Amino acid sequence: MTEYGRGAGHEPWHPEDPLYGDQGWPGQQAAQGQQGPYGGQPQQYQQEPQQPYYEGQQQHQQHPGYPEQQQPYNEQQYGNNGGWDTGHQQQEPVPYGMNPAPDPYAGQQPAYSAADSPDYYAAPDAYPPPQPPNQRRAPEPEPAPEWAPEHEAPEEHPFFTGADDAPDDEPRESRRGRGSDRRGGKPKKKKSRNGTACLFVTVVLVGGVGGIGYFGYQFYQDQFGAPEDFTGSGTGSVEVEIPKGAGLGQMGNILAKEGVVKSSEAFVSAATANRKAQGIQPGVYPMKKEMSAKAAVDLMINPSNLNAIIVGEGWRNAKIYEEIDKKLRVDVGTTQEVAKEEYKELGLPEWANDNSDIKDPLEGFLYPSRYEIGGKSTPKTVLKEMVARAKGNYASAKVEAESKRLGLESPLQLITVASLVQAEGKTHDDFRKMSEVIYNRLKPTNTETNQLLQFDSALNYLKGQSEIEISEAEANSNMDPYNTYRQRGLTPGPIGNPGTEAMAAALNPTAEGWLYFVATDGRHETEFAKTYPEFKKLRDKFNASQGID
């Protein structure tokens, strides 16, 4: 309940109600009758309870002592031209928000005649007549009384409000916010703070611009400026290990931590400018302190500078020993001596070194791959790692079971076949054919060569050389077990370290009847034959290429 006693139903308007005329606007309320405390109804009777009102239904309340009669209505009374329909006829129900509902009090007859009805809008202090919803205005504030104290509005400087001062030709009385008296008195002179405000803002702007410039410069230097870098090729020495999978950023961090480069950013910048830097390999690099980033990149893109050993396919042990000596900076022959004296401690499989005529027990077990050399590396640790890798790869190839399937006496003989394939084959395409030649010549039914392999590679291994021209007299006079011109069958052990493809060819030879082969160009092209007459033609072709009659 409000102070006027309104409930949830329709109530007459009270002129002092701040929501005057806004209670749902069901239609024009009855404005006639003596003004009462409830706005429009004379209180000569006891108020009866409100009855519910339904849209489209004309409600008539008969009050005691007031005969019901129809009040005449003048359509021109309120000017029925603007859509404010207040007719007394019954209207049909309409949806919410469309035409206004009929007035529930329109049919009630006051206790006095229309002629006696006082005009509440004729006096100077009268309330204005009710207006339609679309024509209502908020009441204008009353002027302050003469005795009321003057309240000055806070000064709003045009610098902060965005408004310009009034033009010079404008009357001073018409300028807003200039300190004029509300009652039209003389304008008051106010203390100007324009200069102070402008000075303050200028100081703030200058300081802000300076701060932004400083931090902007620092941000630019951090993001786009040249990174810190050393100059020159550096001094001293240091070993830096780059792990597998390291990117340029991680490499730069490692080099900067070791004092090789000034900053990681400098290294990344120099490496990005060099396309070959994408091929930098993991491993240990002998480097210098305080190198320029460009010098560091140039050193690392050269694989020969990598402190690692790369064992090539088919390399003999003698060559591998020499490389280990160089990388570890030890005396020549140190690694070979370790291999000879300590081979039993390097992890060879049980089926290795099964022949007393073997020249080197480690031959065939220094697996072709790359091996990192660090500060703690020794000839023994490097050899042990190579043997372990060979042992693991041979186990994966199931050499023990496969050697039996192929009719060989031991897994070591399978490694020996692969080493011969690797040494005699010129390209990977003829590896399988070369493997078949070996197996066909080892057969007891071979009457063409009588189980003699007659491989130059075996005699070259024996003599520690790589010659393509071996005299017949030399081949027939040497009785060493590794001379396949005089000794039947395989060599006592491998003659090198076969790679993965040579091993695969030894496990899976062709079955086309190949028994002979000749490197007809002396180096790269190998041709195969199945009979001795075909072989003679290939030999004549070789002699012609070498200028031999």
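Author: Let's start with what counts as a ring pair: rings of Phe, Tyr and Trp (its six-membered ring) pair if their centres lie within 6.5 Å, with planes under 30 degrees apart called stacked, over 60 edge-to-face and the rest tilted. This is a predicted model, where local features need pLDDT of at least 70 and side-chain atom pairs count only at pLDDT 80 or more, while totals for chains, interfaces and linings use all residues. Residues are numbered from 1 along each chain as its sequence is written, and side-chain values use heavy atoms, with hydrogens and water left out.

On that basis, the structure holds 10 aromatic pairs. Tyr516 sits in strand β5 (residues 516–518) and Tyr532 in helix α15 (residues 532–546), 16 residues apart. Helices here are DSSP runs of H or I with at least four residues, strands are E runs of at least two, and both are numbered from the N terminus.

The two partners differ in burial (buried is under 20% relative accessible area, exposed over 50%, partly exposed in between, using a 1.4 Å probe and protein chains only). Tyr516 is buried at 3%, whereas Tyr532 is partly exposed at 37%. Tyr532 also pairs with Phe535, this time tilted, at 5.8 Å centre to centre and 40° between the planes. Because they are three residues apart in helix α15, about one helical turn separates Tyr532 and Phe535. Phe535 is buried, at 17%.

Now for the cluster: ring pairs link Trp351, Phe365, Tyr367 and Tyr394. Phe365 and Tyr394 turn up again in the largest nonpolar core, being among the residues with the most contacts inside it, along with Met386 and Leu414. That core has 56 residues; a nonpolar core is a set of buried Ala, Val, Leu, Ile, Met, Phe, Trp, Tyr and Cys residues joined through side-chain atoms within 4.5 Å. Elements giving two or more residues to this core include α8 (379–396) and α10 (411–424), and α10 gives the most, with seven.

Met386 ties the two topics together. Leaving aside neighbours within four places in sequence, Met386 is in contact (heavy atoms within 4.5 Å) with Phe365 and Tyr367, and also with Ile309, Val311, Ile320, Ile324, Leu366 and Tyr371. Apart from this core lies another, of 26 residues, among them Val238, Leu248, Tyr285 and Leu299.
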